[in-house]
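Let's take a walk through this structure together, starting with the whole and then stopping at a few places along the way. Keep the sequence and the 3D view open as you read.

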Amino acid sequence: MITHPQAMATPTPDPDEERRRIQTARLVAYRDDGPLAHALSTRIGAGLPPVPTTLVALLAVVAITVAGLLEPGPILLLPVAVVLLLVLPTASRDHLGRFDWLTPPLVRGAEFFTIIAIGLAADAPKWLLFVLVYVVGYHTYDTVYRTRQSIWPPAWVFRAGLGWELRLAIIGVGAAFGAVTPVLAVLTAYLFVLFAVESVTSWVRLDKASAQASADAEQDLEASPEDALEQATGEAEKG
């Protein structure tokens, strides 16, 4: 008896597993981890639980600021060190916990509060602090809006954007050496150009693709039955 080989059936992805994968990818994107966080995430094992650890980091920076410990000089590295030491070990987690959706806003809150606290203590221009927070906030909003439509920003944007960890480290070092204003100015200008240009070009490219798809669909609808039959016959003959 001759048996014909049967094609291997393509395994159907588990819907629950796919949902977990997408949830993790979205929350990690919303965190806006940079190259340092990604490099450490593969070396620190399971890491720390993201929500309580990030909340502790935020409250610690608030306590340092309220206690009046921040003055011009190397002490301005203290809040940066606290956030980095506590939040970086959370990068390797899968973010599938019940409250792990709170991690991105907590990370963003810790970043923004640390930037403002250091900037005010170092007497940086308030408008410059506002612009930097706005630029990073726009990048976060753009990422959320895109991923909710299954349009993922390219991975290189997160690396080029330095991530929250390198942004804080650069600002902290600049403040410790008394150069926070020029550091903020250069960093803000760089991030503005990067995020604005990438976002605009991506949306323009998407609009062109959508317009072309709509034009093709309208052309198909406007085609007469005879034209459609002739086109189908020609394609069949080619095949």
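A residue counts as buried when its relative accessible area is under 20%. By that cut-off, buried residues make up 35% of the 239 residues in this protein. What you are looking at is a predicted model, and its mean pLDDT is 84, with 78% of the residues reaching 70 or more. Residues 1-5 are a stretch to treat with care: their pLDDT is below 50, and beyond near neighbours in sequence they have zero contacts in the model. Where pLDDT is low, the predicted coordinates should not be read in detail.

Now for the overall build. The secondary structure comes to ten helices and zero strands, so if you follow the chain along its sequence, the pattern reads α-α-α-α-α-α-α-α-α-α. How do contacts link parts of the chain that lie apart in sequence? Among contacts between residues at least 6 apart, 85% join residues at least 24 apart.

Helix H4, residues 77-87, packs against H8 at an angle of about 160 degrees, with the two axes 9 Å apart. Because the angle is over 145 degrees, H4 is roughly antiparallel to H8. The crossing of this pair is left-handed. On the H4 side, the residues that take part are Leu77, Val80, Val83, Leu84 and Val87. They meet Trp164, Glu165, Leu168, Ala169, Gly172, Val173 and Ala176 in H8.

H5 passes H8 in a left-handed crossing. Val107, Arg108, Glu111, Thr114, Ile115 and Ile118 of H5 make the contact, together with Trp164, Arg167, Leu168, Ile171, Gly172 and Ala175 of H8.

Stay with H5, which covers residues 103-121, and find Leu120 in it. Is Leu120 buried, exposed or partly exposed? Its relative accessible area is 44%, so Leu120 is partly exposed. Leaving out residues up to four places away in sequence, Leu120 touches Lys126 and Leu129.

Next, move on to helix H6, residues 126-147, where you will find Asp142. With a relative accessible area of 6%, Asp142 is buried. Which residues does Asp142 contact, once neighbours within four places in sequence are set aside? They are Ser199 and Trp203. With Ser199 there is a polar contact between the two side chains, at 3.3 Å.

Finally, have a look at two loops. Most residues other than glycine have a negative phi. Asp32, in the loop between helix H1 (15-31) and helix H2 (35-41), has a positive phi near 65 degrees. Asp32 is buried, with a relative accessible area of 2%. His95 sits in the loop between H4 and H5, and its phi is positive too, at about 60 degrees. At 0% relative accessibility, His95 counts as buried.

Key. Residues are numbered from 1 along each chain as its sequence is written. This is a predicted model: local features need pLDDT of at least 70, side-chain atom pairs count only at pLDDT 80 or more; totals for chains, interfaces and linings use all residues. Side-chain values use heavy atoms; hydrogens and water are left out. Helices (H or I, at least four residues) and strands (E, at least two) are DSSP runs, numbered from the N terminus. Buried means under 20% relative accessible area, exposed over 50%, partly exposed in between (1.4 Å probe, protein chains only). Contact means heavy atoms within 4.5 Å. A polar contact is a pair of N or O atoms within 3.5 Å; within protein, one must be able to donate a hydrogen and the other to accept it, and residues adjacent in sequence count only if both atoms are side-chain atoms. pLDDT is the predictor's confidence in each residue, from 0 to 100. A crossing is left-handed if the near helix is turned anticlockwise from the far one by less than a right angle, and right-handed if clockwise. Axes are lines fitted to C-alpha atoms, for helices over the stretch in contact, and angles run from 0 to 180 degrees between N-to-C directions. Angles under 35 degrees count as roughly parallel, over 145 as roughly antiparallel, 65 to 115 as roughly perpendicular and the rest as oblique.
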